[in-house]
Every structure is written in C-alpha cells, then in structure tokens.
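Open the model in your viewer and keep the sequence panel beside it. Each stop below says what to select and what is there.

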Amino acid sequence: MAAPSPRPLAIPAGPAVLDVLPDLEAALTGRSPVLPYAADTLPPSVPSLPAHDPGELPDGLAVAIGTSGSTGRPKRAMLTADALERSAWATHQVLGGSGAWLLAMPAHHIAGLQVLLRSIASGVTPAVLDLRDGFSVEGFAAAAGRVRPTAAAARRYTALVPTQLSRLVDDPSGLAALRDFDGVLVGGAATPAALVERARDLGVVLSLTYGMSETAGGCVYDGMPLPVSRVHVDNDRHVVLGGDTVAHGYLGEPALGRDAFTVDPDGVRWFRTDDLGHFDDDGLLVIDGRADDVINTGGLKINPGVVEDAMTRHLHDVLDVVVLGLPDPEWGESVCAAVTLADPASHLTTREVRERLRGILPDAALPRRVLVLPAIPQRGPGKPDRAAIRRTVQDLA
C-alpha cells in the first residue's frame with residue numbers, strides 16, 4: 001500500500017502557531033504527512049502539491065519541508081517520522097537533556113518547525129515570540145519569561161539566527177534573557193566569529209548549528225555531528241552529511257533526489273551539500289562557504305566568508321555584511337560588500353574599508369565596492385538572499 005501524500009498545512013505566525021501541534025503530532029505517526037507553508041503571506045498562497053508517484057514516497061513520511069531555494073526554486077525535502085524523532089532526541093542529548101523551548105523564528109521553515117517538534121518530544125508546550133510586527137529585544141525578553149520547564153524537561157532552550165543574537169547581546173535586557181537559557185542554538189547563516197566570542201564571554205551558552213532542510217535542520221553542533229549523524233568532506237571539498245536525519249529525496253523530483261542523495265552499502269543515507277568545508281586540527285568541521293559563492297578575481301579565488309569575518313571582527317561599525325562577486329571587465333569578478341551599520345545615520349566608504357583592512361586581508365580580497373543598505377534581504381531565517389543583494393548592487397551601479 002502506497003504511503004499517503006502530504007497535505008498542505010498552514011503555519012500561522014504568533015501564538016496561533018500552537019494550533020498546529022496536534023497536526024504535527026499526527027504527522028509523527030508516519031501516517032498523516034504534512035507540507036508546511038506560511039499562513040500569513042499576502043496574498044494568501046496555498047502551495048500546490050508537486051506531481052509525484054505515491055509509490056515513491058518513503059514509508060513513515062511525516063513532513064515535506066521547503067528548502068531555502070538558494071540555488072533556484074525551492075524543493076520539498078521528504079523527512080520521515082523516524083528522522084525527525086531521532087533529530088529531536090539527539091539534540092536534547094547534546095544539550096544536556098529534555099527542556100522547554102522558546103520559538104523565536106517562523107515555524108514553516110525547518111529551524112522553527114524543529115522547535116515545535118522538540119517541544120512535542122519533551123512534552124512541554126513551547127513559549128512563542130510573536131514576530132508579526134518584527135523582532136524586538138523587549139518582545140524576546142517577555143517571551144523568555146513565559147518558558148515553563150517541568151520536572152521531566154527541566155532545561156530552557158531557544159534557537160536564533162545571528163542577527164537576533166547580535167541585537168540581544170547588545171542590549172542589557174536581551175543579554176539577561178539569553179543568560180537564563182541552558183542552551184541557545186544559532187544557525188541559518190554563518191555566525192561571525194567575533195559575535196560568537198562576545199556572546200560566550202558574556203555568559204551565553206551558545207551552540208553553533210549546521211544543517212539544512214535535507215538533514216532535518218542542524219545535524220552538526222559546534223563542528224561535531226550529532227550522535228545519529230555523520231559528516232565527511234569529499235575530494236572536491238564538498239561537505240557530505242549522513243545518518244538517521246537525512247531526507248528521502250525531494251517530493252515529486254526523483255531525478256534531483258538521485259543526484260543529491262545516496263545510500264552506502266551499510267544502509268546509511270548521505271546528502272552532498274553545496275557547501276565547501278574542511279576539518280580543523282581538532283577534527284571539527286569548518287564551513288568555508290558555498291561552492292558557487294567563491295569569487296574568482298584576477299585568477300585568485302576568494303572565499304567570501306573570510307572577508308565577511310574580517311569585516312565583522314575589525315569594523316565595529318558594521319552590523320551585518322554579505323560579500324559577493326560582481327562581473328568585472330578587468331578582473332573577471334570584483335569583491336563587493338553589502339553592509340548594514342550599527343548606527344544607521346553613520347557612513348562608511350569603500351576607501352575607509354580598504355584602508356582599515358589592508359594588511360589584515362590580502363590585497364585581492366579587499367572589497368572594491370562597499371554598499372550600505374538599510375537591511376540585508378533574506379530568503380529564510382537568517383539566510384541572506386545573495387541574488388537579491390546582487391540585483392540591488394547592480395541596479396545602483
């Protein structure tokens with residue numbers, strides 16, 4: 001008998017998101033799969049179910065979750081109930097035990113959805129930060145006060161994106177709220193090393209997570225795979241993730257699934273990412289950036305992450321930065337940086353950036369153009385929309 005097809009599930013914003021918990025509990029039986037989507041989009045848009053062969057659906061399918069669409073149109077990764085339950089169990093193992101969660105990001109994306117699923121695993125209804133009017137430090141602090149641990153789930157957890165973390169550590173009330181958590185997960189984008197060091201120095205119990213929809217969210221914590229996960233770097237420097245949390249392909253797109261997913265002779269599922277990485281001297285995974293983001297300028301390859309890290313470490317007026325390559329008739333590509341500033345009324349020029357980073361970065365990596373934006377366009381929680389940024393920069397050229 002073929003597995004049932006997933007049904008679209010509207011995920012509200014704000015406290016009403018808790019109304020979907022019974023639907024998610026049913027999905028975790030493996031007999032009532034769902035396809036989450038944002039309920040509050042304008043105009044409302046119910047996703048159509050991709051054409052698919054019901055016979056190719058995996059047994060125990062629970063969720064078909066949208067990817068962030070960084071390389072084109074979003075796909076729907078098929079996650080089984082076992083994958084989601086193993087992910088929740090392993091996360092709690094690494095963090096130190098079951099706990100009560102604060103949902104602080106949209107739940108139609110995998111990072112927010114996992115907060116709901118971990119809450120189901122813990123048996124504790126999560127507190128919810130209402131994001132309908134945007135993120136605020138005051139709102140986060142108030143929501144943090146509504147987290148209610150129990151004897152069986154005695155710890156307090158939340159998950160954030162780097163921009164949220166940055167705003168919270170810059171505010172005394174936000175920092176106090178963060179310190180009250182037994183674990184704060186940060187993922188969804190490369191978190192600046194300077195921000196990580198500062199937060200930890202200030203007493204925040206921070207875990208950096210790496211993963212994606214295809215791996216049921218974060219499956220590598222602080223450079224180490226979860227107990228149910230595996231990681232290796234192939235000969236092309238691509239990060240390959242494996243283990244119990246890996247998706248069973250994409251809904252309605254078996255050809256794409258065959259290109260990205262494999263099963264080894266031991267039955268372990270693997271997903272080849274578009275990210276480049278390496279292991280450091282301690283054997284921890286380090287993400288170097290996306291393969292398609294590498295900038296080739298004057299015959300030299302520049303990793304945008306290296307430039308972004310230098311700018312956030314050494315330019316304290318920079319709040320957020322995304323570095324990308326733009327076509328250049330002389331150099332092939334030129335290094336461009338889009339930034340937001342801690343003080344929106346201040347100014348930052350390309351000449352200032354180059355002078356302040358000279359000797360810190362190789363000359364080829366110094367930005368040839370710096371564009372100050374009011375906000376960095378996003379394509380998901382904490383994930384910069386490089387295509388939109390590139391269009392903005394080119395439109396202003």
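**Stop 1: strand β20 and its partners**

Select strand β21 (residues 369–372) together with β20: the two run parallel and are joined by four bridges. Strands here are DSSP runs of E with at least two residues, and helices are runs of H or I with at least four, numbered from the N terminus. Two strands count as paired if DSSP finds at least two bridges between them. Within this pair, A338 has L371 in β21 as its bridge partner.

This is a predicted model, in which local features need pLDDT of at least 70 and side-chain atom pairs count only at pLDDT 80 or more, while totals for chains, interfaces and linings use all residues. Residues are numbered from 1 along each chain as its sequence is written, and side-chain values use heavy atoms, with hydrogens and water left out.

A hairpin of three residues connects β19 to β20. D328 has G332 in β20 as its bridge partner. Colour β20 (residues 332–341) by burial: eight of its 10 residues are buried, where buried means under 20% relative accessible area, exposed over 50% and partly exposed in between (1.4 Å probe, protein chains only).

**Stop 2: the seven-stranded sheet**

Next, select the open sheet, whose seven strands follow the order β6-β5-β7-β8-β9-β10-β11 with mixed pairing. β6 (127–128) and β11 (224–225) are at the edges with a single partner strand each, so one side of each has no neighbour in the sheet. Zoom in on β9 (residues 206–212) and β10 (residues 217–221), an antiparallel pair with four bridges. There, G211 stands opposite G218 in β10.

**Stop 3: the nonpolar core**

Which residues have the most contacts inside the largest nonpolar core? Select V17, L24, L84, L116 and L241; the core has 50 residues. Such a core is a set of buried Ala, Val, Leu, Ile, Met, Phe, Trp, Tyr and Cys residues joined through side-chain atoms within 4.5 Å. Helix α3 (residues 110–122) gives the most to this core, with five residues. Then centre on L116: beyond its neighbours within four places in sequence, its contacts (heavy atoms within 4.5 Å) include V17, L103 and P126.

**Stop 4: two crossing helices**

Finally, select α9 (residues 304–314) and α10 (residues 350–357). A310, M311 and H314 in α9 meet V353, R356 and L357 in α10.
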